[in-house]
Amino acid sequence: MAKYAMYGPLAANVMYSWIYEDSYKHPWCVHILIICALRGFMHQLWSSYNNMLFLGNCRIKQQGVEFKQIDNEWDWDNFILLQGLLATMACLMFPSMDDEFPIWNTKGFITLMLLHVMASEPLYYWMHRFFHGRYLFTHYHSLHHSSSVPHPLTAGHATFLEHLILSMVIGIPIMGSILMGSGSTSMIYGYVLGFDFLRCMGHSNVEVIHGAIFNKLPFLRYLIYTPT
């Protein structure tokens, strides 16, 4: 539990501004704390859904998660802590992050999606391919595949190197849009939580989207991935 003390400086900054100042001097401190909390909550909701054994035919593997896998994945949320730390460093490096972003910016969403499709997706794909090579798989990625039963928390069960690469993948569209002057609060929240939602669904032991849909609409397989 001591690792959560890393959130202490952010929480202290928020409390100090709330008590002694008229407004938050560093509003990003509040947003980082809220986003990290929401990400943890989303993973827990997916975990609860994944463990509903009565879902029957929707389950990919009928057996439940063993205690050994639970113990191995105990620190699944390390990537959230790491990305919160990296986000804090980015905010300190760029003074413009102290400015309040608008709630919505259409240009920002377009920029975000372009960067995601043109940069993040190809990078994520090729790095995943490389991690399935003999050396990287044996020394790194095999940890992620050591879980015998798919589970949303397995999405965060990886090595430090993989967490760093994932942070870069998810950070490119966000920082790119912000540095281009088109960032917005809804863009940041929506992208980060949407990214986590799809990763949780992709690692779930419960199939949410029926395979027949992909047979009727084959192009969907290029837009979304499922546990199957």
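Select L86 in this predicted model; L86 sits in helix α4. Is L86 buried, exposed or in between? L86 has a relative accessible area of 30%, so it counts as partly exposed.

Colour the patch by element: α4 (78-93) and α7 (160-179) are the elements that give it two or more residues. Which element gives the most to the patch? That is α4, with 4 residues.

Next, go to H43, in helix α2, which spans residues 27-50. Now show the side chain of H43 together with the backbone of R39. The H43 side chain reaches the backbone oxygen of R39 at 2.8 Å. Then display what surrounds H43. Leaving aside residues up to four places away in sequence, H43 touches W76, F79, P152, L153, D196 and C200.

The last stop is N72, which belongs to helix α3, residues 67-72. N72 has 43% relative accessibility, so it is classed as partly exposed. How far apart are the C-alpha atoms of N72 and S147? They are separated by 8.3 Å, while N72 and S147 lie 75 residues apart along the chain.

Key: Residues are numbered from 1 along each chain as its sequence is written. This is a predicted model: local features need pLDDT of at least 70, side-chain atom pairs count only at pLDDT 80 or more; totals for chains, interfaces and linings use all residues. Side-chain values use heavy atoms; hydrogens and water are left out. Buried means under 20% relative accessible area, exposed over 50%, partly exposed in between (1.4 Å probe, protein chains only). A polar contact is a pair of N or O atoms within 3.5 Å; within protein, one must be able to donate a hydrogen and the other to accept it, and residues adjacent in sequence count only if both atoms are side-chain atoms. Contact means heavy atoms within 4.5 Å.
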